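Subject: Structure for you to look at

Hi,

Here is the structure I said I'd pass on.

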Amino acid sequence: MKRSGGILMPISSLPSKYGIGTLGAEARNFISFLREAGQSFWQILPTGPTGYGDSPYQSFSSFAGNPYLIDFDDLLEHGLLKKEEYDAADWGDDPTAVDYYRISLNRGNVLKKAVRRLLDDPPENFSVFLEKNRYWLPDYALFMAEKDDHGGGAFSGWERKIRMHDPETAAAERERLSDAVRYYEGIQYLFRVQWDALRDFAHRSGIRLIGDVPIYVSPDSSDLWGHPELFQLGSDGTMNEVAGCPPDKFSADGQLWGNPLYDWEAMKADGYDWWTKRIAHQFTIVDVLRIDHFRGFESYYAIPGNSDDAKIGRWRKGPGIEFFKTVEKKLGSLNIIAEDLGYLTPDVVELVRETGYPGMKVLLFAFDTRDTGYGYLPHCYGHNCVVYTGTHDNDTVEGWMKSAPEDCVRKAVEYLGLNEREGNHWGFIRTAYESVADLAVIPLQDFLGLDNSARINVPSTTGGNWVWRTDRESISRELAGKIRHWMEITDRLPRE
């Protein structure tokens, strides 16, 4: 990877009149801003349908696109909507925050009109789309139709034959719920058409997209429902153990994620077919893929399924380097970023080294005096890594400066040479750019110098996450020029 830069911001955080950022004009405007700012990458985070807690890391599918991101104005341009069908709806009155409740009430009603018009006269490539995505789309469409039929309830509460994905029952349900199934197929077609158009625009603008694969799937997902044989489940489909992280210096109870754990032996037996298809699918969407919780491929923490916290659990071995060798043998060399944060052992460090993938360095971690052993200070970096001021799971720089322990802040001020004239956030950004890391990715909030009200996510909490949005005025030519200046003097501008 050449020396370069990028900006981290989920698509949902874009400006929009309709409650949430989408794949339309504002996304294209942001790509133009990235180009003007001398960037090479846009890191977008996961783009799947959001489930529990509105988190893209708890998605109803590892393959599907988020219907919330479909742009209404682009549908209007293609004759699938009328302006009055979406313009008068209540999308919330705060342009700086996503109102998921109002979106959930209104967006489906609008999209049903668009899908109805699509299916009344489907384009020639609609059947091609269905065929190309037959590995996952039929299960996903039926899963979502069943959720609607069950009042939105998790599939763990459905009737046994439906819950256990009995083939004969599934076939009968597909016929009974055929209209709803067709609707969800149509939604995914619309998402993919808009996504492909945006990705083409990004490539023409010299911008590549960094996506994200959460290591685990949601316990309420079509992945688990459609492929129970690939997960560690009891005979009744319940999870005897679930995913999480053990207690550490930052969390006395650990982190109880509650995701199902993979049956790695079963996956190995079929050559990691599901994972191979998952990764291959993602590379039809993005250009670079960040694999979340990379250490879980070396060892993963298993917590009893009936636990209220993560205090009690055990480490179990993951598939290791064989997994990545198998996938790359099938797919070829892959542009992957390893999210190698958290509790690292020598075995995890060795796995990252064996893959050759760049790992992550988070500047905010470098100054936490409770834990200094992971080489996050820039003088410890090698070239093959990606440096961040912070990620979507961290506070903003300005928020951290106000809330971190005094000794941590003092260490940052002294190491980075922070001063009021430059601004704390620009001191962090300058240091990231000046480092030897091949790629420097900065959250948009840090460019804007925002406090913790602009934080995207607080891990292991629900409510109030994934709601932050920027406004049009903040994405300015003045800011682009300042970013470009720093890209130029640190030799990170794109090369022809």
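Let me start with Arg163, which sits in helix H7 (residues 160-163); helices here (H or I, at least four residues) and strands (E, at least two) are DSSP runs numbered from the N terminus. Before I go on, the ground rules: this is a predicted model, in which local features need pLDDT of at least 70 and side-chain atom pairs count only at pLDDT 80 or more, while totals for chains, interfaces and linings use all residues. Residues are numbered from 1 along each chain as its sequence is written, and side-chain values use heavy atoms, with hydrogens and water left out.

**Arg163**

What does this arginine do for a charge partner? Arg163 is buried yet has no salt bridge, and the nearest side chain of opposite charge, Asp236, is 6.1 Å away. Buried means under 20% relative accessible area, exposed over 50%, and partly exposed in between (1.4 Å probe, protein chains only). A salt bridge needs a side-chain nitrogen of Lys or Arg within 4 Å of a carboxyl oxygen of Asp or Glu; for charge, Lys and Arg count as positive and Asp and Glu as negative, with His and the chain ends not counted. The backbone of Asp236 does come in, though: its oxygen lies 2.9 Å from a polar atom of the Arg163 side chain. Not counting residues up to four places away in sequence, Arg163 touches Phe155, Ser156, Trp158, Trp225 and Asp236, where contact means heavy atoms within 4.5 Å.

**Val217**

Val217 is in the loop between strand E3 (208-213) and helix H10 (222-226). Buried or exposed? Val217 counts as buried, at 2% relative accessibility. Leaving aside neighbours within four places in sequence, Val217 is in contact with Ser62, Asp223, Phe231, Asn259, Pro260, Tyr262 and Trp274. Gly157 is 60 residues from Val217 in sequence, and their C-alpha atoms are 18 Å apart.

**Salt bridges**

How many salt bridges does the structure hold? The count is 28. One of them joins the side chains of Arg472 and Glu26, at 2.3 Å from N to O. Arg472 lies in the loop between helix H19 (444-448) and helix H20 (477-489) and Glu26 in helix H1 (residues 25-36), so this pair ties together parts that are 446 residues apart in sequence. Arg472 is partly exposed at 45% relative accessibility, whereas Glu26 is buried at 16%.

Arg182 counts as partly exposed at 34% relative accessibility, and Glu185 is buried at 12%.

Also in helix H9 are Asp196 and Arg192, four residues apart, about one turn of the helix. They form a salt bridge too, with the closest N and O atoms 2.8 Å apart. Asp196 is partly exposed at 30%, while Arg192 is buried at 15%. Elsewhere, Asp90, Asp99 and Arg102 are linked in a network of salt bridges.

**Glu328**

Glu328 is in helix H13 (residues 321-331) and is partly exposed, with a relative accessible area of 24%. Which side chain does the side chain of Glu328 make a polar contact with? That would be Tyr357, at 2.8 Å. (A polar contact is a pair of N or O atoms within 3.5 Å; within protein, one must be able to donate a hydrogen and the other to accept it, and residues adjacent in sequence count only if both atoms are side-chain atoms.) A polar atom of the Glu328 side chain also lies 3.4 Å from the backbone nitrogen of Leu334. Leaving aside neighbours within four places in sequence, Glu328 is in contact with Ser333, Leu334 and Tyr357.

**The whole thing**

Zooming out, the protein has 20 helices and twelve strands. Its radius of gyration is 23 Å, close to the 23 Å that the globule rule gives for 496 residues, so the protein is as compact as a globular protein of that length. That radius is taken over C-alpha atoms, and the rule is 2.2 Å times the number of residues to the power 0.38. The C-alpha trace spans about 65 × 55 × 40 Å along its principal axes, and 57% of the 496 residues count as buried. Among contacts between residues at least 6 apart in sequence, 75% join residues at least 24 apart.

Cheers
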